[in-house]
Amino acid sequence: MSAEAVTVDHVLTTEDLNAYYGSRKAVGDVSIGFGRKAITALIGPSGCGKTTLLRCLNRIHEVSFDARVQGSVRLDGQDIYSSGVDPMAIRRRIGMVFQRPNPFPTLSILDNTLACAARGLNRKARVESAERALRQAALWDEVKDKLKSNPLQLSGGQQQRLCIARAVAAEPDVLLMDEPTASLDPIATAVIEELMGSLADEFTIVAVTHNMQQAARVSDVTAFMLADEDGIGRLIEVDETAKLFTKPANRKTEDYITGRFG
Amino acid sequence: MNRDLSTRGLGRRRAMGSLGTGLALFCATLAAAALLAILGYVVVQGIGAINWSFLTQLPHPVGVPGGGVGNGILGSLIIIGTATLMAVPIGLLTGIYLALFGRGPVPEALRFLSDVLSGVPSIAIGLFAYAVLVAPLKHFSAFSASFGFMMLMLPLLVRTSEQAIRSVPQTVREGALALGMSNFRATVSIVLPTAMPAIITALLLAIARVTGETAPLLFTAFGSQFWESNPGNPMAELSLQVFTYAISPYPSWQSQAWGGALLLIVAVFVLSLGARLFLRRAMQGSGT
């Protein structure tokens, strides 16, 4: 174990993680740790495997046809891919926010927020638990008067915050965000970025972004990924964000962050 | 250099364009006119036969004036209702299976068989129902007609419900799974409700399709002069009555055939209209 690994409290770690789509390897031999209540940004060009890596962390990768994972992912020391582990239980502890807002179109705003909350709560407890989640997602004030409305009436940024509230309502340990602002305008993006900062008080966040400025603005740690000549996504470098963007250790990282890439 | 902006042949292109538009318009009018002519003719011929006793009474024997197709309407409801009750679970579950686990040789074979089944003439389906349920039991029955109708509805339901479920964005399903929902719950409480308006549209169209079918009834439901509600017995059915009355030599029966035809057209029209309304809701549901 390196000196750094001892000092940093990692909630989630991967070891020699490989991810496949059929026979195509998309991510190869990634070993990385994600610090507790820190924001880690995964950056890299399109097709570098950063989204696939993220999707391995809550076992949603295996939902795709013919997709499989090799290696281990440990959540507080426990391998989430060992045979006795229920992927549903893992996904409750590791929430996910997707690239495009995906509220459930047939459920109201309230029911979206509570989609995975405990059943059997009475109405008052349900609304209270929804309010807590919606406040955490900085959406409460905008929707408190229309909790029964259809979520598709909300703007894109509001929909994305609803999806964050939905994930937060399950009280996970880790929140995975797959380019959460990719489909949003700059103002909605700024709101989400600010929100990520406040969510990090409570959750460990791993966020994929191909926007380097965003990584620099919001994250504590940044990991740079790049596909090798065989198209396999590799982890090139991971470091504190300030250090990675100013004094990258790897030449490829420097080429990418200075725009000399390609 | 000042280039001339009016190219050679512009006039001819414009003329061809107008000609094409005109031709398309003409053909569209022709198609619409044919439909309107049929509708108009049936309405004119049939409206006179329709009154309360026509809708509620049993057929009268030849020569006795009055009488109606009440038992045929009841029979249609029973036969089509039973067929729907059988076809919906089978068709919907097959559609779900194809949409969610639809890769590999077995689903491909299912799709192919379903497509073939949808092309089988309805008279052949009726013969099959006869061979399976009428001949061995040695008597005609409404249930055998329902069975035939179910066979007609199945391929429509299977393929359209598969399409409807497929058209629910994968991210919605993944969103549900990512919250820790089971595959079953994600499908039943998130994916299916999202696809439901399109599925109901397909169901209404499938019902409309069999409402207009007569061929499979000829040697299954067979027809009856009485109030019959036991699916194990021969039963009257509206389109079958239309057929019987229309080929009869008696003017009073012939005019009742027009009345029955009008009822059938109205039923199909209402079903199609309902289907369109649901489809519109489906479009609104999926648009963001």
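Predicted model: local features only at pLDDT ≥ 70, side-chain atom pairs only at ≥ 80, totals over all residues.
1. In this note a helix is a DSSP run of H or I with at least four residues, and helices are numbered from the N terminus.

2. On confidence, the model as a whole carries an ipTM of 0.89 and a pTM of 0.79. For chain B the mean pLDDT is 90, and 97% of the residues of this chain reach 70 or more.

3. Chain A contains 11 helices and 10 strands. Its radius of gyration is 18 Å, close to the 18 Å that the globule rule gives for 262 residues, so chain A is as compact as a globular protein of that length. The C-alpha trace of chain A extends over about 55 × 45 × 35 Å along its principal axes, and 45% of the 262 residues of the chain are buried. If one takes the contacts in chain A between residues at least 6 apart in sequence, 68% of them join residues at least 24 apart.

4. Chain B is built from 10 helices and 0 strands, and its pattern along the sequence reads α-α-α-α-α-α-α-α-α-α. The radius of gyration of chain B is 25 Å, whereas a compact globule of 288 residues would have one near 19 Å. Along the principal axes, the C-alpha trace of chain B spans about 90 × 60 × 35 Å. Buried residues account for 38% of the 288 residues in chain B, while 73% of the contacts in this chain with a separation of 6 or more are between residues 24 or more positions apart.

5. Which helix of chain B has 37 residues? That helix is α1 of chain B, formed by residues 10-46, and the distance from its first C-alpha to its last is 53 Å, close to the 54 Å expected at 1.5 Å a residue. Because the number of buried residues among the 37 of α1(B) is 1, this helix lies largely in the open.

6. Although B:Asp115 and B:Val158 are 43 residues apart in sequence, their C-alpha atoms are 9.6 Å apart in space.

7. The contact between the chains draws on 20 residues from chain A and 18 residues from chain B. On the side of chain A that touches chain B, helix α3 (residues 87-93) of chain A gives the most, with 4 residues. The residues on this side of chain A divide into 13 nonpolar, 3 polar and 4 charged.

8. In soluble globular proteins, nonpolar side chains tend to be buried together. The largest nonpolar core of this model has 131 residues, and the members that touch the most others are B:Met153 and B:Leu157. Helix α6 of chain B (residues 142-166) supplies the largest share of this core, namely 15 residues. Leaving aside residues up to four places away in sequence, B:Met153 touches B:Ala83, B:Ala87, B:Gly91, B:Ala206 and B:Val210. Another core, of 12 residues, lies apart from the largest one and includes B:Leu238, B:Val242, B:Ala257 and B:Leu263.

9. A:Asp16 is not a glycine, yet its phi is positive, at about 45°; the residue sits in strand β1 (residues 10-21) of chain A, and with 11 C-beta neighbours inside 10 Å A:Asp16 counts as exposed. B:Lys138, likewise a residue other than glycine, has a positive phi near 65°. This lysine lies in the loop between α5 (122-134) and α6 of chain B. Is B:Lys138 buried or exposed? B:Lys138 counts as exposed, because 6 C-beta neighbours lie inside 10 Å.

Terms used. Residues numbered from 1 in each chain as written. Chains lettered and ligands numbered in written order. Helix = DSSP H or I, 4+ residues; strand = E, 2+ residues; numbered from the N terminus. Rg over C-alpha atoms; globule rule 2.2 N^0.38 Å. Buried ≥ 20, exposed ≤ 12 C-beta atoms within 10 Å, placed from the backbone. Contact = placed C-beta atoms within 7 Å. Nonpolar A, V, L, I, M, F, W, Y, C, P; charged D, E, K, R; others polar. Core = buried A, V, L, I, M, F, W, Y, C linked by C-beta atoms within 7 Å. pLDDT = per-residue confidence, 0-100. Expected span 1.5 Å × (residues − 1).
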